[in-house]
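Please keep the sequence and the structure in view while reading.

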Amino acid sequence: MAEKRALFERRSSVSLPTLLPYNTLQTHNMKKKNSVCKDLDYSQVVKEVQDDIRQLREKINHGDGGSINIKDLENALAKTEEGLQMKTEQVINHYNNKVQTLPTALSTRFDPGMVAMEQTWDLKTKARSEMKRVQGQQYLAREKLRQPQPPGSLLPKRQQVQVSGPSPGQQTKHMLTLRAVLNPMHGQNRQSLNDNFGIQLPLIPQRVENKRRVKLIQKDNSGVVIKVTSNIPRPIIGTTVEPLAVLPRANRTDPQIAPPPISEDDARKGILSLLERGLIPPAAELTLDPSPVRHKTAPLHDPTVKTKPTAQPEMSHTLAGVKLDISSTTKKAEIDDNVTKIPIVPPHPLSAHSTETRTPSAKTRATSASMPQIKTPATLKTYDLPLQPMSPTLPPASPDQSLGHSPSIYSPVRSASSKKGYRFLFSPPPTTPASGDIKHLTHRFAIQNGKIRDTSAEFLSFKQHYCLTWGSIVSMIKHLEKMTQEFSVPIAFINGDKLADLSLEFELERAPSVDDLLTVIVNREDVEVLMNRPGRRYKGPNGKNVAATRIQSSWRMYRDRSEYLEYRKKKWAAGVIAISWIMNIKMSQVKQKLKQSREDQLEAFRRRAKKFAMSWDRIKQSKRVIIHVSSLGLSQNIRDTIHEFGIRQNTQMARICDIRDPNVDVIFISPVPLSEETLQYYSKLLGLKAAIDSGNVEDQCVMSERYRIITPDAIKSFPTHRMCLSTLLKYSPRTIKRIKHLIKGREAYMVSGVPHNDDLAVADELDVPILSPEPEVAHLYSTKSGCKRIFASANVDLPPSEYDVYSLGQLHECLAQLVTENLMVKRWLFKLDDEFDGRGIAFCDVTEHLQCYSWALKESRRYGEKWSKKWAQEAAYIKIHAEIADVLHANAKPVHTNIYASWDTFLEAFLSQGGVIEACPPSESITTLTVDMMIEPNGKYNIVSCGDQIHAETPFSCWGVSVPQSSVEPDVLNVACRKIAEACKTRGILGYFSVDFVTFIDPKTMEQRLWALDLSLHYSDSLAMFQLMSYVSNGVLDPVKHVLNVPTNKQEKRQRRRRLAGQEEEQEPNTSRFGVMSTRLLHTNLAVVHYSVFFQMCRAHGIGYDIKEKQGTVFTLIDSFNRERLGMITIGDNLQGALATFARNMSVIHQEISAPNMQGETNFKSAIEDVEGILGTTIENADEPDEETNDQS
């Protein structure tokens, strides 16, 4: 306890004497009051009054006695009242600023006559006073009774002792009261202060809560154990909010499901709650009806009110220039009424003899129940108090005030309305800060013509109020004067309080800006209007010099700015030139490196090709690995226009059927990822090899070890880039490493698709040769103009044509010349050099739209055989050339309008990349056939497959093939193919290539003609499908007779029966096979049918393959995920049967997966129509020999 007490004394610098009983406290307080009154000594005041009265009496006695100076009498009385008032205030202040403590009760345990010292601190003057106190006799008896007795002594008899003063219970009660006074958190603190000291604390209304009272045992500072009752909020058990509905899990996972209904309780929570809980979609467009924003006309004040001088009555609503918008006086009357209704409470009994004004007691204040509309000063808020005018200026400080005493608010001031006597403007301080202060008017003064009115009462009041910070305010005033002088402002009213705040902000900082200074001006709008006028800043006393300085600085700024802009422009240009030069240098270096790398790769390709040609005979007879890369190395602009480019490259999945040769293993690089279902299908299909050889379905084997299907890992890195397969493989180092591991120590070579420069890079990484020509050579002779050169050098029949056309004039001249020479040709074709698969073709029926065509025909008949001479054709050529431009512009049409929308678009592409002009065969019955050939590295060449084309989408693109061809005599076709192969061989072309021919009946000679149309130097889709056909049928194509023969099944030799009379010999089984194949089957409804369901559907309709008869249908799966594209082969013992089976299969599939109102895309219908037309032609051709034999017979 002693340590705690000492610590408190050190922190508070106030000693804590021991506590005294209550009567001793009263005696002590009375002594202190007497000492205070003695110290203040009223005798001096009385002496001065007596002297004044005596002097006044002497003046009256020595005077004439008839007149008395009333003014002197009033002065004496006023001086007397002022002195008494000041002494009274000093007594009150001295009494209020004393901190009195009670002596401890333990001091009574000492001997009688013990002197105790009490220390009293004056908080205002910081003076300490000590007072001696002698222990009273009334406490000594009790102390003696409490002292311990010696051992063995008897206790004295109990005697009735009467002790004067308060009882122990009363002392304990007073001690608890003092503890309550010292503890502001105690429940009786407010009541104790009011009862004992007359101090009224504010009544803070508290919210009634559900609390419970709990008794706690704690120790106070003196170590005494006390029980304290504390209010602890009662805990709330269970949830306090209602459960809110949220979006169900099904709606969160699938946004297409309809949202749940919204109940009325959820709707009451508001739209924001519904949005946060997901009951309303975030993207929903909401319209609030009625709208929360409502339009209303704003009331405007009369502009004349602004210019009127603001009156300052005693209770004014225009305070500090602010107009309170009070529409009626009812509110003001209510406030005044509430204030006047505050009950007048008499002063505290203890302070009745003093002149101090105290706040009303809480006991005498009316309660809220009895007076609900009356507010007390403790509960009256600042904004509820009535507005009062500022009190008049206080008189100068008296000598007593200058000694450290603050001026009193009770000082007597002469009333402005009273000429006789004085009145006291008592403005008692509020009992507590919470009761609020009366708001004073702001300090306002004016600056006129750049000078402040320093003699005005407003400015002097402002100066006196802010005298402690006047130095920084003077600086702000100088800035304001300077600004008003510069802009010649006639008058500006300054808000002093804002100016003081601004001076504190910019006291040690930078100088204030104009905007900062404008914030302290009351009439800111008027000042800003003046300042914003052009040339206003030059109206000041030094305006001419400022204007001249402004002109000079503007000119210097313009000059320097122009020079700087020119410098920056040159610097930017120099930087651009430097960066461009650096980029050019680096780009040239990169190009040089790439060029050198290409040259190295090409040199390595040639070196490996030479070695490959020398060892080809050995490699062909030994075990080897073929790496199939079905890449379309077309130009980038063509690849960008091909829909689903990856699927288009994957149409040659049948290349894996090269494992038919037991010495060959295949690594197939797939351009698209394949599903597990697709891989299982090909595994089962290739496992039928043993069953196909033996004719027994149960004899199946596992072929998965002989082929690998690998997908480049760069497909995921370039999902949107339409790169060819060779480029993707080039950027797939892990795939390259895996292929290296598979071909390590084995003979291997690569078979590509359309050659590309990246083929050389891949071959260089794998260190394997490529069975294809150089990419540049292949690109040159795969163009329409390049193949015309090969056909011309091979001396094969060509359609009338002109190639290497690059200008519009050349186009018109060549077309006019061709039309003049071939008047029997009605349709002319225009083909782009770099397009493929019949995409870059346009046509025009020229002769139908030439006005001079009939005249030209007459001229050709007139000249007869001489029509082939140039001089005979000159007149017709001139007329045709004059009309050809208009005919083309009006009637020429592109075949693929989805790529080239109009003739102008096609013509622009034609002239930019070049093309050929070619005659369409002058016959209604035209057949196009394709021959696939191979030039081996050692120079040998042979026909691998041949077939007639099937056209479904357009008559100029190949949709499918019927194998083998049956449109041209084999000898004629073989001769043409041999010539073309020789021409290709001389130009360094090797590997697989295909030649397109067209055959028709010449209307003049009625003989069959064969024209060579196109040359494609790459592995074709028809060749890949033919490999699959050969794999499932064990068929071998006879390149001389163009017949596909299949071996018979192994059967036991039958004994030959004797030939009986009239018995015919048994016919040998038909070993020839025909096949119809296509990789372009498209039907978007196939995407909704899984492959397992699709094969069950085919099996139900009898679509399948007969291993024993080597006839039936086989599918190739191209698209593993979309499943919209498909490949199909039908094999039969005759062409009519294969075509009929193909058409029936497509019809069945189309009917099964199509709806009557189909919205998708398909080419089944057009393909069926073309197949049925070919089937009718073959039937007619088959009936003609029978009729001839019948006629001969």
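In this predicted model, Asp845 and Arg827 are joined by a salt bridge whose closest N and O atoms are 2.8 Å apart. Asp845 belongs to strand E19 and Arg827 to strand E18, so the contact ties together parts that are 18 residues apart in sequence. The two partners fall into separate accessibility classes. Because buried means under 20% relative accessible area, Asp845, at 18%, counts as buried, whereas Arg827, at 29%, is partly exposed.

A salt bridge also links the side chains of Arg648 and Asp837, with an N to O distance of 3.9 Å. Arg648 lies in helix H22, which covers residues 645-649, and Asp837 in the loop between strand E18 (827-832) and strand E19 (841-845), so this pair connects parts that are 189 residues apart in sequence. With a relative accessibility of 16%, Arg648 is buried; Asp837, at 27%, is partly exposed.

Another pair consists of Arg1009 and Asp1002, which form a salt bridge with the closest N and O atoms 3.2 Å apart.

In total, the count comes to 28 salt bridges, among them the pairs Asp845 with Arg827 and Arg1009 with Asp1002. As a general principle, side chains of opposite charge can pair when their charged atoms come close.

How values were computed: Residues are numbered from 1 along each chain as its sequence is written. This is a predicted model: local features need pLDDT of at least 70, side-chain atom pairs count only at pLDDT 80 or more; totals for chains, interfaces and linings use all residues. Side-chain values use heavy atoms; hydrogens and water are left out. A salt bridge is a side-chain nitrogen of Lys or Arg within 4 Å of a carboxyl oxygen of Asp or Glu. Helices (H or I, at least four residues) and strands (E, at least two) are DSSP runs, numbered from the N terminus. Buried means under 20% relative accessible area, exposed over 50%, partly exposed in between (1.4 Å probe, protein chains only).
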